[in-house]
Structures are given as C-alpha cells and as structure tokens.
Amino acid sequence: MRNFMFALCMGILTSFSAIGQDAIVKGRVVDSNSSEPIPDVEVRIQESIFSAETDAKGVFSFSDAELPQGEQILELSKTGYVTQRIPITIQSGSTVNLDPILFEIDLSEVEAQIGIISLSDNELNQDEGTAFNISGLLQASRDVFLNAAAFDFSATFFNPRGLDNANGKVLINGIEMNKQFNGRPQWGNWGGLNDAQRNRDFTMGIKANEYTFGDLAGTTNIIMRASQYRQGGRVSYAMANRSYEGRVMASYNSGLTASGWAYSVLASRRFGDEGYIDGTLYDANSFFVSVEKKLNDAHSINLSAFYTPNRRGRSTAITQEVRDLKGRTYNPNWGFQDGEIRNSRMREIEEPVVMLNHYWNISDNLRLNTNIGYQAGTIKNSRIDNNGAQLVETPDGQIFFAGGARNPLPNYYQNLPSFYLQDPTPTAIDYQNAYLAEQAFINDGQLDWESLYFGNFDANGNPMLSTYAIQNDVVEDTQITANTILGAKLSDRISLNASLNYRGLKSENYAELEDLMGGSGFLDIDTFAQAASQDAQAGESIDAAQSDLNNPNRIVGEGDRYKYNYDINADVITGFAQAQFKYNVVDFYLAGTVSQTTYQRTGLYENGNFPGARSFGDSEKLDFTNYGAKAGATYKVTGRHLVDVNAGYFTKAPTIRNSFSNARQNNDAVRDLESETIQNLDVSYIYRSPIVKARLTGFYNNIEDQTDINFFFTESAQGAQNAVNADPGQDNNAFVQEVLTGINTRRMGAELGIEAQVTPTLKLKAAGSYGQNVYTDNAQQYLTSDGFDFLQFGDGTTFIENYHVSGGPEQAYQLGIEYRDPEFWWVGLTTNYFSNAYVDVSTLRRSAAFSTAQDGLPLLNYNEDVARELLTQEQLEDYFLVNVVGGKSWKIDDYYVGFFATINNVLDQEYRTGGFEDSRISDFAQLQEENNRNRPVFGNRYFFGYGTTYYVNLYVRF
C-alpha cells in the first residue's frame with residue numbers, strides 16, 4: 001500500500017511537472033533545388049492561434065506551454081512555393097524538430113506572378129498619377145482582394161481605398177524612390193526589370209513595416225540584392241497589343257558561392273510602333289547588375305545599379321464628339337512624316353540609379369542595414385511650341401514682334417463640326433462648313449507635319465526664325481539618399497525597428513529647344529505677353545515679353561535652354577521608430593515618425609513679367625516640420641478567426657509641385673501653404689481554414705489642408721482687368737495658374753476577398769470594394785497669370801463640398817474560378833463589374849466666377865435651378881469586363897519551359913475609365929449656351945478603356 005501511494009504521488013507530481021513545461025516545435029525550411037534557406041515562410045498550427053515566420057536562415061520556432069496537444073497539422077506557405085501541411089504530434093516537455101523541410105517551387109504560381117507583374121508594367125506604365133501602381137500589390141501575400149486589384153481591376157484605373165500612388169511608398173533595398181516633386185514613384189526608372197523584382201515586401205495601409213513609417217496606400221520594398229535571388233537563369237519573350245508589342249528579357253543569378261560572392265545580371269528590351277492607342281511608340285531598354293560580397297557571418301556589402309532609358313509616345317483625353325468621329329483608339333498627337341509615324345508628345349526617361357548597401361548582423365538579435373543611393377538623369381516631355389515670332393523693326397526705329405500661330409493639333413476645337421454649329425440657329429453655310437470639317441477630320445484628323453515645316457520658310461523657300469518648333473520640358477534631377485535601418489529582437493515577444501533617412505535633391509528645370517523644324521533659329525520671347533501688353537509703351541511691352549531680361553531678344557538653336565530655367569533644392573530628414581509585440585492571443589505595434597522638409601527655388605532667368613528678385617535668384621525657404629503616430633493590433637479569437645485594427649494620425653509636407661504657384665516663371669510661394677493632416681482607421685475580420693480564406697475590411701481616411709495647382713486657358717477669368725497688378729488691356733481670356741488650398745477629402749468603405757479551395761485543383765473566389773470618396777468641405781481658390789498677380793472671386797471659396805473625388809470606379813466586384821492541374825497547367829476566368837466613377841469637376845465653375853459677368857459684376861439673369869443642373873457632376877456608366885488567364889509549365893531535364901497568357905475584356909466592352917470638365921468656359925452664361933448645343937464645343941474630356949487585348953509570355957528557366 002505504501003509503495004502504491006508513493007507511486008501515485010510521484011505520478012501526480014510528474015504530471016504537474018509535464019503540464020508546466022513548454023512544448024517546442026521548431027524547424028528549418030530550405031529550397032528543394034538549391035538547399036538555400038527560405039525566409040518569410042508563414043508557419044502556423046492549424047486551428048490554433050499560433051503562427052510564426054522563418055528568419056533569414058529559414059528557421060522557425062514555437063515554444064509555449066499552451067501549444068495544442070496531440071496530433072496537429074503544421075501548415076507552411078509562401079508565394080511561389082507549394083503549400084505544405086505536415087502532421088506532427090505535440091506533447092508538453094517534448095521537442096518536435098523538423099530539419100530540413102524541403103520546400104518545392106510552385107511552377108504555375110511563380111510564372112503567373114511574373115506574368116502579372118509584366119502585365120501590370122505593360123498596362124500601367126502610363127503618365128504619373130493616372131493610377132495607383134498596382135504592381136506594388138504583387139507581394140508575398142495570398143490576399144484575394146489584393147490579387148483581384150492587381151490583375152483584374154487595374155485596367156479600369158481602380159484605386160484601392162480611393163488612393164493613388166502618391167499615397168503609397170516604394171522602396172528599393174530600403175531606399176525610398178518616390179519623387180520629391182510630386183510624391184509619386186517614377187516606375188519608368190525600373191521598368192523592364194521584372195525578373196529582378198520578384199522579391200517584394202508589401203504592407204497594405206499603415207500596418208507595421210520594418211523599413212519606414214509608410215503611408216495610407218501601403219509600402220512596397222523591392223529587394224534587388226544579389227544573394228537573395230534563386231540561382232539560375234531565365235530567358236523570355238512577350239507579345240502584347242497594349243503599351244508595347246514585344247519584350248525580350250534575359251537574366252542570370254549566380255546565387256551565393258562558396259567564396260561568399262553573388263551576382264545578378266539582367267537585360268531587356270520593350271518595343272512597338274504603337275500600342276492599343278494609335279501613334280503610341282514604345283522604345284525601352286533595361287539593364288540591371290547587382291554584386292554582393294559576404295565578408296563574414298556578420299557583414300555583407302551589396303552594390304546594385306540599373307539603367308532603363310525609355311521613350312514613349314503619349315496620348316490624351318478626348319471629347320465624346322472626337323470619339324464618335326474617330327473611335328476610342330484615336331490620338332491627336334501624331335501624324336505621318338516621310339511615311340513614318342511621328343508623335344509630337346514624347347516622354348523620355350533616363351535616370352540611372354546606383355545603390356550601395358551594407359548588412360551587419362551585430363548579433364543574433366540585432367541587425368543594422370545602411371544604404372546610400374545616387375540617382376541622376378533627365379525626364380523630357382516634348383510638345384509643339386507654336387509661339388515663335390519674328391523681330392521686326394519699323395522705319396522709325398520701333399521694335400515689335402510678329403508671329404505666333406494657332407494650335408496645330410487636329411482636335412483643336414476650331415477644326416471640329418461643333419465649332420460651326422454653336423450658334424442657336426445655324427445657317428446653311430454653317431451646316432456646310434460643319435460637314436466639311438467632319439469629313440476632313442474623319443478622313444485624316446492627324447497632325448500635318450508638312451504644313452508645320454512649311455510655316456517656317458518664307459515665300460522664297462528660305463528658312464526664317466521658326467514659328468513652330470519642338471520643345472522639351474526637362475527635369476534634370478540629382479539626388480543623394482542615405483539611411484540606416486535598425487532591427488532589434490529584445491525578447492521572444494518584443495522587437496524594435498528604427499531608421500534615420502536623408503534625401504537631398506537638386507532639380508534643374510528648363511525648356512529645351514529640340515527641333516527647329518527647318519527654321520534658322522527661335523526668338524526667345526513670349527508672344528502672348530506681347531499681345532497682353534499691346535496697350536503699354538513699346539519698351540514696356542518688349543520687356544514683358546522677355547523670357548530672360550538679362551539676354552533680351554535672344555535667338556536660340558537646337559539643344560539650347562530657353563523660355564524658363566530654374567533650380568529647386570530640397571532636403572528631407574526623417575526619423576522613424578516602431579515597437580512590435582507578439583503574444584499568444586494578441587499582436588500589436590506602436591510607431592512614430594518626425595521629419596523636416598526644406599524647399600527653395602533659384603531662378604536662373606529674370607522673367608519679363610516678373611522682373612528682379614520676383615523671378616531671379618533665390619526664393620524664400622519653405623520649411624515644414626511633420627510628425628506622425630500609428631498603432632495597430634491583431635486579436636486572435638481562435639486559429640480561424642482574427643480581428644485586425646490599425647489607426648494613424650500624421651502630417652505630410654506639400655510636394656514641390658504644390659508649393660510654388662508658378663515655378664517656371666517666378667519665385668512666388670503658394671499663399672497660406674500648410675502641411676496635410678491625415679487620419680486613418682481600418683478594421684478587418686480575417687477567416688482562414690484549410691478550405692476557405694477570407695478578409696473583410698472597413699476603412700476610413702480623412703485628409704485635410706491639401707493643396708493643388710492646375711494650369712489651363714480660360715475665357716472665364718471674370719473681372720481680370722481689375723485684378724492685382726493687371727496688365728493694361730487684360731481681359732477675361734488668360735492662361736492661369738489655379739491655386740487651391742484647404743482641400744479636405746474623406747474616403748471610406750469596405751473591401752472583401754474570399755476564396756474556397758473546393759477541390760485540390762479547383763478554386764472559387766470573389767472580391768469586392770464599396771467606397772465613397774468625397775470632398776468634405778469647400779476649398780479656397782485664387783488665380784495667378786502672366787497678365788495679373790492675383791485674382792480671387794468673392795471671398796475665394798470654391799464650393800466643392802460633397803462632390804466626388806475622381807479616380808477610377810468607387811465600386812468594383814469580382815467572381816472568379818481557377819483550375820490548377822497537377823500536370824502544371826492552369827486556367828482562370830473572372831467576371832468583373834465596375835460602377836460609380838465620376839469625372840473630375842472644374843473648381844473654377846464652382847467659384848463665384850460662375851455667377852459673375854465679364855465686367856466682374858453679378859449676373860442679372862442667373863437662375864439657381866438651371867445652375868444646379870449645369871453643376872451636376874457627371875457619373876460614368878457601369879460596365880462588365882471578362883478576363884481569361886492561363887499557363888503551362890514543363891520540366892525538361894534541368895530546364896523549365898512554359899508560357900503565361902491572358903485575354904482581357906474578352907467581350908470587347910467599351911467603357912470610360914475617367915475624365916474631367918474643361919475649365920475654358922466656367923461662367924453661367926457661356927456654360928448655359930454650351931449646354932443648349934447639340935454638341936458642346938468644350939465638352940468633358942474622357943479616358944477610354946482598352947477593348948479586347950492580349951498578353952503572352954514565353955520563357956525558359958534553368
């Protein structure tokens with residue numbers, strides 16, 4: 001009996017001891033081909049709250065007394081690899097050690113991802129600001145909604161959460177790439193480097209990020225480090241009918257050799273005489289090299305450089321009248337010259353980047369990454385300059401200028417039928433002229449290069465000073481970036497991230513005369529200023545017309561700078577700190593940032609309209625101190641149910657573009673300029689099971705005190721003759737800078753993504769976004785111009801409250817099906833519905849200018865009901881798009897061969913992705929006349945989506 005009681009007591013004590021001991025599950029994940037460790041693999045025990053990620057050595061570990069006991073399933077997943085589910089048995093006091101776990105490449109998913117990245121680059125490599133760059137969403141995530149936004153929603157310029165790419169951060173090797181001029185990433189700087197951009201870390205919204213504080217639309221860090229590429233090479237060829245017609249690419253990665261070296265090289269070419277839109281030439285080459293040396297277990301140094309010179313022919317928004325006459329692929333910017341397509345509006349980017357990165361593993365729990373980046377080069381945008389003139393001296397010694405010409409573009413309003421039918425009662429002659437204009441536009445309607453060259457010669461065939469020339473607007477940036485990023489693991493539960501960043505920019509901005517078009521030279525004066533000053537004394541008139549008073553009446557040649565010439569110097573210092581806490585039931589983080597931004601303009605020309613220090617020399621320095629804080633938490637209700645919350649409050653300096661009201665001509669800063677204030681909240685419910693994965697997110701963000709500057713010609717500068725410092729003879733016609741301050745916007749809504757793996761090969765998915773993006777208050781407005789310094793209507797209010805912020809559809813929904821065969825072929829089909837897209841409203845129409853007569857006095861025949869109808873914001877039509885995608889891979893010895901293909905808009909639906917109101921006429925009287933016409937002369941301008949398009953990518957990997 002005594003022995004039995006002793007044994008019983010020992011058993012009870014042993015049981016309690018076992019209960020109190022931690023169970024341990026650990027392992028190491030390596031690539032099944034190369035045996036290289038794989039970082040950032042998500043590891044979780046199914047049906048539990050426990051999850052982890054592998055570190056840089058591919059190692060993971062769970063250690064807790066509350067790990068679920070008995071038979072469990074360990075799930076490991078990462079984009080590009082086949083998900084593994086490993087049965088394990090967990091017992092308290094024991095260790096499960098899985099070393100190694102061989103992770104196999106998912107051929108179909110890897111090639112699909114590469115194809116989608118290529119596709120997004122192909123579709124969205126447009127002018128800055130047209131869309132959130134969807135390529136940033138292609139990251140190490142299996143989020144259903146983000147994948148839908150990246151692939152199927154991108155063609156509509158849908159912006160996740162209503163935010164464009166200025167609201168997101170793009171980093172390469174930890175160095176921020178967003179331009180200081182407008183806050184947007186210049187994706188053309190690294191276009192065509194698809195194979196070198198597969199390694200990406202993406203954080204949606206303001207969630208915790210190891211590199212930077214981030215922004216509302218998320219943060220993408222593209223890792224272009226030699227040692228991080230999988231060993232091997234890849235050669236591919238792509239065909240498409242979107243932006244380019246063909247692309248050839250070759251790359252090779254050495255992997256980390258036994259001697260500690262690694263290198264990666266890539267070269268590609270994209271080309272096409274025109275894309276889906278007529279006359280849009282594409283000519284791009286891309287080169288990338290990265291070399292890394294692992295000095296020892298603690299130190300590695302990486303040098304990366306890329307150079308991607310590219311030229312693209314640009315298109316433009318068109319009116320409905322133009323679309324009805326010429327179709328949705330029409331582009332007025334091009335014409336034939338000597339039998340070849342020549343586009344007058346070319347965009348050329350040459351901005352090579354060099355980066356030096358030092359990686360220091362100070363200890364197992366402390367690492368420091370220090371980076372230096374250098375970028376220099378040019379961005380050129382060409383256009384026709386029809387402002388050329390002749391210098392004429394009269395017999396009595398007076399000098400004046402003769403010249404300037406009408407807009408030569410074929411869609412100029414005086415070339416269209418509506419121009420001849422604008423009278424309320426057109427005559428027979430009007431109808432005849434309208435018919436002739438219509439037929440001429442339908443049968444030709446392109447730029448007449450021959451007539452432009454002809455206009456630069458006199459009657460005897462001798463070259464004159466050019467009336468027409470090709471002008472480049474050039475931005476020549478030199479930027480140095482340096483930062484250091486600290487990562488510390490303080491304990492198994494707590495980690496710390498911090499960084500210190502500096503960016504210094506010198507930006508040279510000038511007009512360059514590219515092509516005299518047969519002329520002998522170009523007179524560097526402003527004929528519009530001459531016309532506006534015609535009532536002044538001769539000397540005053542000539543001075544006002546000078547681009548540079550220090551070099552009056554200068555004749556320039558090809559390659560010379562002219563018209564405007566100034567520098568912008570900008571310095572930004574940013575600090576960031578973040579603490580992350582991970583516990584069994586809840587993970588949370590806290591982060592803060594502070595920054596100092598300084599801008600200064602230096603005028604190199606003394607502009608005739610703004611003599612002296614107003615345009616020449618240094619402007620005042622603009623200084624902005626900004627700060628921010630954010631926090632978030634993930635509550636693990638169970639292993640299947642999670643709740644994620646993120647909140648932030650931060651300020652952001654205005655961009656360079658929105659800090660100087662007319663930087664090309666003077667030093668004037670925007671009046672009452674302030675930093676933006678941003679508030680954000682998003683709450684997500686996440687469900688995950690072996691069959692179903694889903695996320696439902698509600699989001700809210702509020703941005704206050706935004707600034708925007710618009711440039712346009714208007715006939716509705718009411719009362720401009722009475723504006724501050726108005727020129728003699730100034731009327732209501734003016735090319736103006738419209739400055740808007742105090743813009744407040746709200747974006748709120750919900751997004752859903754859900755997928756069900758109904759069989760091992762068949763997946764169903766659905767995604768949707770419902771949003772409302774509106775102005776929450778009225779803004780302040782004033783105009784500046786060559787002919788006057790300051791013009792404000794009434795108290796300066798523009799009444800935009802409750803109008804929608806344009807930027808793609810606010811609602812987008814998808815249903816899809818995907819089949820992946822065990823023999824490595826796959827096909828998917830999605831149907832997508834889009835609605836609630838709005839044109840961008842004219843803020844000039846919503847100001848007191850709308851109800852003001854040309855003499856500046858209130859209109860007598862103003863009708864509130866008619867005005868309300870005229871100012872209703874246009875909502876674009878809803879539409880469906882059906883897309884098909886698929887691919888196939890083969891393994892032949894040590895080679896992988898395959899293809900990726902997609903057909904977008906299978907049903908060839910016609911739709912408009914966006915548009916804007918024309919501010920040329922913005923007063924009640926003229927707009928009412930416009931509205932009563934069968935075809936408006938200055939109607940809304942639209943961007944039309946592509947019809948049926950294809951993309952095919954063929955590859956060999958080894």
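Residues are numbered from 1 along the chain as its sequence is written. Because the model is predicted, local features need pLDDT of at least 70 and side-chain atom pairs count only at pLDDT 80 or more, while totals for chains, interfaces and linings use all residues; side-chain values use heavy atoms, with hydrogens and water left out.

**Whole chain**

The secondary structure comes to eleven helices and 47 strands; helices (H or I, at least four residues) and strands (E, at least two) are DSSP runs, numbered from the N terminus. The radius of gyration is 31 Å, close to the 30 Å that the globule rule gives for 958 residues, so the chain is as compact as a globular protein of that length. That radius is taken over C-alpha atoms, and the globule rule is 2.2 Å times the number of residues to the power 0.38. Along the principal axes, the C-alpha atoms fill a box of roughly 135 × 60 × 55 Å.

Of the 958 residues, 55% count as buried. Buried means under 20% relative accessible area, exposed over 50%, and partly exposed in between (1.4 Å probe, protein chains only). Among contacts (heavy atoms within 4.5 Å) between residues at least 6 apart in sequence, 72% join residues at least 24 apart.

**Nonpolar cores**

Select Leu513, Phe522, Tyr599 and Leu622, the residues with the most contacts inside the largest nonpolar core, which has 26 residues. A nonpolar core is a set of buried Ala, Val, Leu, Ile, Met, Phe, Trp, Tyr and Cys residues joined through side-chain atoms within 4.5 Å. Strands E27 (494-515), E30 (561-582) and E33 (622-636) each supply at least two residues of this core. E30 gives the most, with five residues.

Now show the surroundings of Leu513. Not counting residues up to four places away in sequence, Leu513 touches Ala469, Ile470, Phe522, Val556, Gly557, Glu558, Gly559, Asp560 and Tyr562. Apart from this core lies another, of 24 residues, among them Ile45, Phe60, Leu76 and Ile101.

**Salt bridges**

Next, switch to charged side chains. A salt bridge is a side-chain nitrogen of Lys or Arg within 4 Å of a carboxyl oxygen of Asp or Glu, and by this rule the count comes to 50.

Select Arg695 and Asp143, whose side chains meet in a salt bridge (2.6 Å, N to O). Arg695 lies in strand E36 (692-714) and Asp143 in the loop between helices H2 (107-124) and H3 (144-151), so the pair ties together parts that are 552 residues apart in sequence. Arg695 is buried, with a relative accessible area of 12%, and Asp143 is buried as well, at 16%.

Move to Asp164 and Arg184, which meet in a salt bridge at 2.9 Å, N to O. Asp164 is in the loop between H3 and strand E8 (169-172), and Arg184 is in the loop between strands E9 (175-176) and E10 (200-203), 20 residues apart. Both Asp164 and Arg184 are buried.

Then select Arg664 and Asp473, where the closest N and O atoms are 3.6 Å apart. Arg664 is in the loop between strands E34 (641-652) and E35 (676-688), and Asp473 is in strand E26 (469-489), 191 residues away. Arg664 is partly exposed, with a relative accessible area of 36%, whereas Asp473 is buried at 10%. Finally, show Asp143, Arg161, Asp682, Arg695 and Glu751 together: salt bridges that share partners join them into one network.

**Strand pairings**

Two strands pair if DSSP finds at least two bridges between them. Select strand E15 (282-294) and strand E17 (310-313), which pair in the antiparallel sense over three bridges; Tyr282 stands opposite Arg312 in E17. E17 is also joined to strand E21 (346-350) by four bridges, running antiparallel, and the bridge partner of Arg311 in E21 is Glu348.

Go on to the open sheet of three strands, with the order E18-E46-E45 and antiparallel pairing. E18 (318-319) and E45 (912-916) stand at the edges, each with a single partner strand, so one side of each is left without a neighbour in the sheet. Two bridges join E18 to E46 (941-944), with Ile318 partnered by Tyr942 in E46.

**Last stop: Ser919**

Select Ser919, in the loop between E45 and helix H11 (924-931). Ser919 is buried, with a relative accessible area of 10%. Its side chain makes a polar contact with the side chain of Ser842 (2.7 Å); such a contact is a pair of N or O atoms within 3.5 Å, where within protein one must be able to donate a hydrogen and the other to accept it, and residues adjacent in sequence count only if both atoms are side-chain atoms. Not counting residues up to four places away in sequence, Ser919 touches Phe712, Phe713, Thr714, Ser842 and Leu844.
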